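Dear colleague,

I am passing this structure on to you, with some notes on what turned up in it. Please look it over first and then read on.

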Amino acid sequence: MKKVLLWDAIGALLTTSFLLGILLPFEQFFGMPKDILYMLSGISFCLCTYSTTCYFFSKRISKKFLAVIIFFNIAYSLISTGFVISNLDHLTRFGLIYFVMEIIVIGLVVLMEYKFYVQLE
């Protein structure tokens with residue numbers, strides 16, 4: 001069950017990598033302003049760091065650790081949604097597809113994490 005922390009860390013690292021390694025250098029192709037991409041990548045990197053720390057330094061997963069991760073995954077999705085809405089006129093079709101897919105994937109991850117959360121004592 002502790003592997004849910006590792007999967008969350010990997011997902012946050014992938015998000016950070018995509019934002020900094022693909023969307024940022026090709027800002028015109030995706031349409032999201034650089035300052036927002038930096039902000040989102042900073043948040044996702046913090047989530048990656050938290051999940052990684054919990055995975056390596058806790059003997060077992062606790063409800064408290066998982067609740068924090070679930071909360072911040074939802075918060076990240078809401079922040080992303082807000083940025084998408086406020087930048088709809090700048091986003092290209094590819095940028096919109098990326099962010100919608102990211103929000104859907106994070107939503108599925110949150111559902112999986114919540115199922116684990118309910119099972120914990």
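A polar contact here is a pair of N or O atoms within 3.5 Å, where, within protein, one must be able to donate a hydrogen and the other to accept it, and residues adjacent in sequence count only if both atoms are side-chain atoms. The model is predicted, so that local features need pLDDT of at least 70 and side-chain atom pairs count only at pLDDT 80 or more, while totals for chains, interfaces and linings use all residues. Residues are numbered from 1 along each chain as its sequence is written, and side-chain values use heavy atoms, with hydrogens and water left out.

A polar atom of the Ser-58 side chain lies 2.4 Å from the backbone oxygen of Cys-54. Ser-58 sits in the loop between α3 (34–57) and α4 (63–86), helices being DSSP runs of H or I with at least four residues, numbered from the N terminus. With a relative accessible area of 9%, Ser-58 is buried (buried means under 20%, exposed over 50%, partly exposed in between, with a 1.4 Å probe and protein chains only).

Eight aromatic pairs are found in the whole structure, a pair being rings of Phe, Tyr and Trp (its six-membered ring) with centres within 6.5 Å, stacked if the planes are under 30 degrees apart, edge-to-face if over 60 and tilted for the rest. Among them, Phe-29 and Phe-94 are stacked, at 4.5 Å centre to centre and 15° between the planes. Because Phe-29 lies in helix α2 (residues 27–30) and Phe-94 in helix α5 (residues 93–119), this pair ties together parts 65 residues apart in sequence. Phe-29 is partly exposed at 43%, and Phe-94 is partly exposed at 45%.

Best regards

Methods: Helix = DSSP H or I, 4+ residues; strand = E, 2+ residues; numbered from the N terminus.
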